[in-house]
Amino acid sequence: MPSVEGLGARKAALRMLDAVLRKGQTLESAASFARDLSPPDRALALAIGGETLRRLPDLDALIDSATRQRLPDDSKARMALRLALAQKIGLGTPDHAVVATALPLVDGGPRRLVHGVLGTLLRRGVPVSDAPCLPEQVEHRWRVAWGEEVAQAARSQIAKRPELDLTFADDGEAQAYAEAHGGLSLAPRNVRLGSASVAELAGFGEGRWWVQDLAASLPARLVPAAAGEVLDLCAAPGGKTMQLAAAAHHVTAVDSSESRLGRLRENLDRTHLEAQLVTADALGWEPERQFDAILLDAPCSATGTFRRHPEVLYRARPAIIASGAELQRKLLARAAEWLKPGGVLVYAVCSLEPQEGEELVAAFLQADPRFSIEPGKASELPEFVTPSQQGWVRILPGLLEEQGGLDGFFMARLVRRG
Ligand SMILES: C[S@@+](CC[C@H](N)C(=O)[O-])C[C@H]1O[C@@H](n2cnc3c(N)ncnc32)[C@H](O)[C@@H]1O
């Protein structure tokens, strides 16, 4: 049988999707299934996997509308149909290529069924929604936590690929770069560009900037300029370490992952910045001294990053969120002991779950009366960010929507009085 062009990418996308949905892997780690492909095919496999995850509930509804009996969730037929429809909707793949690359995925299986369903749907015309549904559980959870408008904003954000934000060590350089490269500066030291290939952007090799969503750059802005000795806890791959080092703090960066700390080391080398790196599990590690400031960017469900990593919507089940919150609680309690009296502890998570943000900090403050919240000042935060009544900062879908939006984030600056 003649080989079908681009079939390797589709086979890899099928395995990636299976690894994400059934085994809970990240899309990035599942990309190992595409490692033997050429760079364009690898990129295609990732794009198909990503588009499928962005629109999964809508794709399933389409499939269900064209089958008499519901296909099981993890059946090969449903998987192949999901990938095929995602290419049609998200990547504009021509019908003949959609069909030709879908059928070999179910060789020896339900080829006729897949052919029939695809034929029906393609003849009918496949609608492209600019606000696809989120997984039912997530949409319900966010509607309860944040309201209908935010849930709707999240739907429209998941349909789009996010913009690329760069952080510069120096604001003058950022402004000049934005002007020279047609970017937008939405905050000091930030440049926002349309999506682009990072390694090909001017200034990458020289280390003039690093990639960091604007929301992810906010927690380090809450570390006081004169802090001095700063512990960056859960630091890798180091976006916030570089901000702290660029602000002339003396930074100790701790992370339990050797490989992620390797990326942090590369980032520091590229940007000519310095920090002391420590590979350690923060639940067992003890520092030799207390710090003036601590930034704890805790591991979390990462649901705030759903625009870039749509798989988080499927991985972050309630039990995962609850066990994440338990880990965050322990990390925060330990970090609290490593802070000098009068020092500042910034707690942050890229999560849209109150359990990992508001509820966690409220419980911490109740349990430890030495601490209180110090809200970020107007001079520290971009003008579009206002601390809540309680003093913490919550970034939700919908903020800065016209400029491309932001990752979801939560952060609170806690001051130790005694
Ligand atoms: C949200 S990421 C940090 C992102 C980083 N702060 C940045 O700005 O690039 C969370 C990090 O926590 C690390 N981590 C998870 N559990 C840990 C633990 N028990 N001790 C230390 N680091 C841990 C993970 O390896 C991961 O790199």
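Modeller: Helices here are DSSP runs of H or I with at least four residues, strands are runs of E with at least two, and both are numbered from the N terminus. This is a predicted model, where local features need pLDDT of at least 70 and side-chain atom pairs pLDDT 80 or more, while totals for chains, interfaces and linings use all residues. Residues are numbered from 1 along each chain as its sequence is written, and side-chain values use heavy atoms, without hydrogens or water.

Biologist: Where is C234, and what is its phi?

Modeller: C234 sits in the loop between β4 and α12. Its phi is near 70 degrees, a positive value in a residue other than glycine. The loop from β4 (229–233) to α12 (239–246) also holds P237, which is joined to A236 by a cis peptide bond with omega of about 5 degrees.

Biologist: Which residues around the ligand come nearest?

Modeller: A residue counts if one of its heavy atoms lies within 4 Å. There are 17 such residues, and D255, R260, D281, A282 and D297 come nearest. By class, this shell has eight nonpolar, four polar and five charged residues, with Asp, Glu, Lys and Arg as charged, Gly among the polar ones, and Ala and Pro among the nonpolar ones.

Biologist: What does A275 touch?

Modeller: Contact means heavy atoms within 4.5 Å. Leaving aside neighbours within four places in sequence, A275 is in contact with T241, V251 and L268. A275 lies in the loop between α13 (258–271) and β6 (276–279). Its C-alpha is 8.9 Å from that of R265, 10 residues away in sequence.

Biologist: At what angle do α3 and α5 pack?

Modeller: Helix α3 (residues 39–54) and helix α5 (residues 76–91) pack at about 95 degrees, with axes 8 Å apart. They are therefore roughly perpendicular, a term for angles of 65 to 115 degrees. L44, A47, I48, E51 and T52 of α3 meet R82, L83, A86, Q87, G90 and L91 of α5. This contact has six nonpolar, three polar and two charged residues.

Conventions
Axes are lines fitted to C-alpha atoms, for helices over the stretch in contact, and angles run from 0 to 180 degrees between N-to-C directions. Angles under 35 degrees count as roughly parallel, over 145 as roughly antiparallel, 65 to 115 as roughly perpendicular and the rest as oblique.
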